[in-house]
Amino acid sequence: MNKELLRMLPKVDELLSLKKVNDLCEKESRNLVVESIRDSIDFYRKGILQGKIQKSFTDEEVLKKASEILKRKNMPHLKRVVNGAGIVIHTNLGRSLLCEDAVEGILNVAKHYNNLEYNLEKGSRGSRYSHIEELIKEITGAEGALVVNNNAAAVMLALNTLCEDKEAIVSRGQLVEIGGSFRIPEVMRFSKANLVEVGTTNRTHLYDYENNITENTGVLLKVHTSNFKIYGFTEEVPLEELVKLGSEKGIPVMEDIGSGVLVDLSKYGFPYEPTVQESIKKGVDVVTFSGDKMLGGPQAGVIAGKKEIIERMKKNQITRALRVDKFTLAALEGTLRHYRDEIDAIKKIPTLNMMLLSEEELKKRAQRLKRKLSPLKENFKFNVGEISSMVGGGSMPTAEMKSYAIKIKSDKISEKDIEEGLRAYEIPIITRVYNGEVLIDLRTIQEDDYEIILNGLKEVGDKI
Ligand SMILES: *Cc1c(COP(=O)(O)O)cnc(C)c1O
């Protein structure tokens with residue numbers, strides 16, 4: 001039987017000589033058509049050999065499969081999804097959404113030539129770092145600033161500049177791992193700083209730093225334990241005490257603050273998080289943070305601090321390899337401008353905006369989505385219910401924000417199949433399955449997602 005089916009497989013050339021395939025080659029690249037046909041024939045061959053295809057098939061069917069493959073090849077692999085998970089800074093889903101000004105900035109420098117490295121006043125070569133340094137200084141109060149690829153790069157550059165072949169003293173309680181790809185001890189190794197661990201997991205005192213200072217100490221490092229909290233019998237050395245010790249001994253103090261919080265959100269009911277401005281005010285020599293976490297901008301690592309140290313970093317050869325492109329600079333500038341006015345920032349920056357949505361507003365939105373989905377009542381049951389959503393991105397791990405979700409279930413199809421179906425939709429819809437229901441958290445749903453959810457769920461229903 002297998003042999004017979006294998007004999008039915010058309011040859012690529014046979015299909016290519018058909019008129020309609022020829023016509024297709026006019027519209028699409030011929031190479032792509034050939035490749036898709038080849039992939040389709042391969043699909044059938046493998047199916048036959050693995051016993052998955054046991055019935056005869058026509059050339060027409062092989063071509064249909066080829067056209068599906070071609071359509072997929074033509075679609076971008078990196079694409080939009082709907083975030084129904086309620087995690088605002090979802091690292092797997094691209095972290096922060098950009099504000100309008102940031103998006104406009106990107107388009108503008110993408111479509112047009114620009115002064116990336118051109119000094120318009122002098123009519124000569126300029127520096128790409130000049131565009132944004134003043135703005136960061138103004139907002140954070142720092143003497144100097146530099147932007148690199150991400151915070152991991154920022155930490156590496158700062159350590160390499162301050163501490164190459166010297167010792168960096170860090171508390172054992174702060175040797176964090178952020179999402180597997182960033183571990184403080186590993187970053188240190190790459191920056192050629194030698195790690196000196198002091199204190200214990202739960203308690204580190206000022207004398208732990210003091211007793212370990214030698215003539216070879218390059219930096220006192222404080223790392224924000226972004227994505228976890230330890231409770232109970234704990235002690236960390238406050239930044240101001242570390243700064244005092246550092247200045248007495250002539251050793252710079254560096255802080256990796258992680259999520260660059262520029263607005264104190266504790267007045268809106270969030271757990272208190274130290275802001276970048278406070279660290280600068282307390283006299284830290286260098287502070288580093290991410291652009292796309294709580295700051296709500298593009299992927300970037302911001303370094304702010306003492307002018308002399310920033311200048312040394314600019315001259316470090318490795319900076320060239322970590323440098324940001326024009327899109328990052330444009331987007332970061334568009335985002336940071338809003339921080340001149342806190343209220344403006346909260347209103348215009350999507351990450352802050354979503355974090356601060358009121359329960360009342362979220363409930364209203366959930367009810368609106370429920371009404372929108374009501375044409376699908378035959379296949380699905382919808383309920384609006386309270387849930388809790390998270391900030392994500394290793395930021396504020398203990399903050400649970402009360403939110404509202406639409407809860408979907410069906411008598412005809414399992415919650416797992418609904419979740420998979422939504423995820424397989426043309427614009428994938430990412431949901432959570434909990435207690436036998438599929439949840440879509442309204443906190444991270446955008447205005448034009450409602451229609452997509454309706455259409456995606458309709459498609460899932462149509463396949464029942
Ligand atoms: C997130 C984080 C990093 C890594 O930042 P990226 O911008 O993702 O490179 C480093 N340190 C801390 C404390 C963090 O929270």
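These legends describe close-up views of a predicted model. Local features need pLDDT of at least 70, side-chain atom pairs count only at pLDDT 80 or more, and totals for chains, interfaces and linings use all residues. Residues are numbered from 1 along each chain as its sequence is written, and side-chain values use heavy atoms, with hydrogens and water left out.

**View 1. An open sheet of 7 strands.**
The strand order is β4-β12-β11-β10-β9-β5-β8. The pairing is mixed. β4 (144–148) and β8 (194–198) stand at the edges. Each has a single partner strand, so one side of each is left without a neighbour in the sheet. Neighbouring strands are turned by 25° against each other on average, direction ignored. Strands (E, at least two residues) and helices (H or I, at least four residues) are DSSP runs, numbered from the N terminus. Two strands pair if DSSP finds at least two bridges between them. Strands of a sheet pair through backbone hydrogen bonds, either parallel or antiparallel.

**View 2. Strands β5 and β9, side by side.**
β5 (residues 167–171) and β9 (residues 217–223) pair in the parallel sense. The pairing runs over 4 bridges. V170 stands opposite L221 in β9.

**View 3. Helix α7 across two strands.**
Helix α7 (residues 130–140) lies across β4 and β12 (301–305). The helix runs at about 120° to β4. Axes are lines fitted to C-alpha atoms, for helices over the stretch in contact, and angles run from 0 to 180 degrees between N-to-C directions.

**View 4. T217 in strand β9.**
T217 is buried, with a relative accessible area of 8%. Buried means under 20% relative accessible area, exposed over 50%, and partly exposed in between (1.4 Å probe, protein chains only). The side chain of T217 reaches the backbone nitrogen of T214 at 2.8 Å. Setting aside neighbours within four places in sequence, T217 is in contact with K166, E167, I169, N212 and I251. Contact means heavy atoms within 4.5 Å.

**View 5. The residues around the ligand.**
They are R95, N150, N151, A152, I178, F182, H224, S226, D256, G258, S290 and K293. Each has a heavy atom within 4 Å of the ligand. An N or O atom in the side chain of K293 is 2.7 Å from a ligand oxygen. For R95, an N or O atom in the side chain is 3.0 Å from an oxygen atom of the ligand. N151 takes part with its backbone: a polar atom there is 3.0 Å from a ligand oxygen.

**View 6. An open sheet of 4 strands.**
The order is β13-β14-β17-β16, with antiparallel pairing. β13 (381–392) and β16 (432–434) are the edge strands. Each has a single partner, so one side of each lacks a neighbour in the sheet. The twist averages 40° from one strand to the next. β14 (residues 395–409) and β17 (residues 437–441) pair over 4 bridges. A405 has D441 in β17 as its bridge partner. Helix α18 (residues 359–373) packs on the sheet, touching β13 and β14. Its direction makes about 25° with that of β14. Helix α19 (residues 415–423) also packs on the sheet. Helix α19 touches β14, β16 and β17, at about 40° to the direction of β17.

**View 7. Cysteines C25 and C99, both buried.**
The relative accessible area of C25 is 15%. For C99 the value is 1%. The structure holds 0 disulfides. A disulfide is a pair of cysteine sulfur atoms within 2.5 Å.

Note on methods:
Polar contact = N/O pair within 3.5 Å; in protein donor to acceptor, adjacent residues only side chain to side chain.
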